[in-house]
Amino acid sequence: MTEKILRWGLLSTARINRALIKPLHTSKRNKLVAVASRNQATADDYAKENKIKKAYGSYEALLADPEIDVIYNPLPNHMHAEWTIKAVEAGKHVLVEKPIALTVAEVDAMQAAAQKHGRVVAEAFMYRHHPQTLQIINMVNSGALGKVKFIRGSFTFQLSRDGNYRLDPAQGGGALWDVGCYPLNFARTVFGAEPLEVFGWQVTGSTGIDETFVAQLRFPGEVYAQFDCSFALPFIAAMEIFGDEGRLSIPEPFKPGVKEHILLTHPDDVTDTITIKGQSLYSGEVEDLADAVLLGQSPARQPGRQPR
């Protein structure tokens with residue numbers, strides 16, 4: 001295995017950064033060395049607080065640093081494509097927060113840039129690398145539920161903060177982009193395929209975003225999925241997988257912790273509780289990016305591809 005260490009830079013001081021700082025500081029193959037802000041003083045304070053060596057007062061300055069190998073892009077949704085492409089053109093690999101982009105054209109442009117410059121661009125669905133998700137995929141593939149026929153999921157919470165970017169359509173706001181992408185991605189991950197047909201309904205909020213979204217999907221082999229997401233309903237984050245020999249209930253599908261459990265209910269209504277030893281939630285996506293860059297392995301976040 002190569003001994004190269006990937007040097008990371010944070011593109012902004014976004015709140016979600018906190019989830020990656022510890023995994024990057026403790027990883028043997030990755031090192032957090034820089035952060036950028038629109039304001040030098042903000043970058044300096046953030047770097048000092050989080051033990052980051054370099055602080056830049058502009059995003060451009062970070063991308064120009066020849067020592068940086070990987071950029072983490074947690075900018076607002078509508079800025080993902082622009083700054084990911086700029087980072088790739090500057091010779092950086094990129095881990096970009098979900099949703100990776102807002103249009104097919106943006107995704108195509110990001111892919112073209114990555115291929116042209118020989119760089120890895122990966123979408124940050126952290127749950128896909130957790131031992132719980134890997135065990136669920138193994139159970140489905142091994143026939144523990146029989147033939148899987150249906151997946152159902154929800155991710156909802158009540159959002160009432162005025163001025164929140166999630167409520168702004170110009171910034172890529174909306175329930176589907178923010179939380180609905182999780183049950184959708186979960187179904188695609190478990191099936192290891194893309195849907196053949198999709199249909200959805202939305203309830204439009206006062207700012208013009210989809211406040212609530214409900215969808216149904218048909219996958220190859222006549223398997224189906226349904227999910228709902230919302231900024232107007234009480235909190236729930238759960239998934240269920242139905243096979244002809246059992247039902248798997250997943251109480252914490254999207255943010256599993258160091259010790260989780262899933263419930264396998266058999267046709268005779270007997271339920272087995274399966275305990276799973278987990279890991280730091282965000283460490284898996286950091287190490288997966290390192291696999292892609294250092295070992296030449298395709299990132300597990302690519303649509304339709306099952307994680308390792």
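Student: How many aromatic pairs does a search of the whole structure find?

Tutor: In this predicted model, the search of the whole structure finds 15 aromatic pairs.

Student: What makes the pair of Tyr127 and Phe254 edge-to-face?

Tutor: Their ring centres are 6.3 Å apart, and a pair requires centres within 6.5 Å; the angle between the planes is 85°, and planes over 60 degrees apart count as edge-to-face, so the label applies. The pair links distant parts of the chain, with Tyr127 in the loop between β6 and α6 and Phe254 in the loop between β12 and β13, 127 residues apart. Tyr127 and Phe254 are both buried.

Student: Why is the pair of Phe191 and Phe219 called tilted?

Tutor: The planes of Phe191 and Phe219 stand at 55°, and because stacked needs under 30 degrees and edge-to-face over 60, the pair is tilted, with centres 4.6 Å apart. Phe191 belongs to helix α7 and Phe219 to strand β9, 28 residues apart, and both residues are buried.

Student: How do you know that Lys86 lies over the face of Trp83?

Tutor: Lys86 is at 4.1 Å from the ring centre of Trp83, where the distance limit is 6 Å and the direction must also fall within 35 degrees of the ring normal; Lys86 is accordingly listed as lying over the face of Trp83.

Student: Which residues touch the most other members of the largest nonpolar core?

Tutor: Among its 65 residues, these are Trp8, Leu10, Phe186, Ile241 and Leu248, while α7 gives the most to this core, with eight residues. A second, separate core has 25 residues, including Leu63 and Val88.

Notes
Residues numbered from 1 in each chain as written. Predicted model: local features only at pLDDT ≥ 70, side-chain atom pairs only at ≥ 80, totals over all residues. Heavy atoms only, no water. Phe/Tyr/Trp six-rings, centres within 6.5 Å; stacked < 30°, edge-to-face > 60°. Helix = DSSP H or I, 4+ residues; strand = E, 2+ residues; numbered from the N terminus. Buried < 20%, exposed > 50% of the residue type's maximum accessible area, 1.4 Å probe, protein only. Core = buried A, V, L, I, M, F, W, Y, C linked by side-chain atoms within 4.5 Å.
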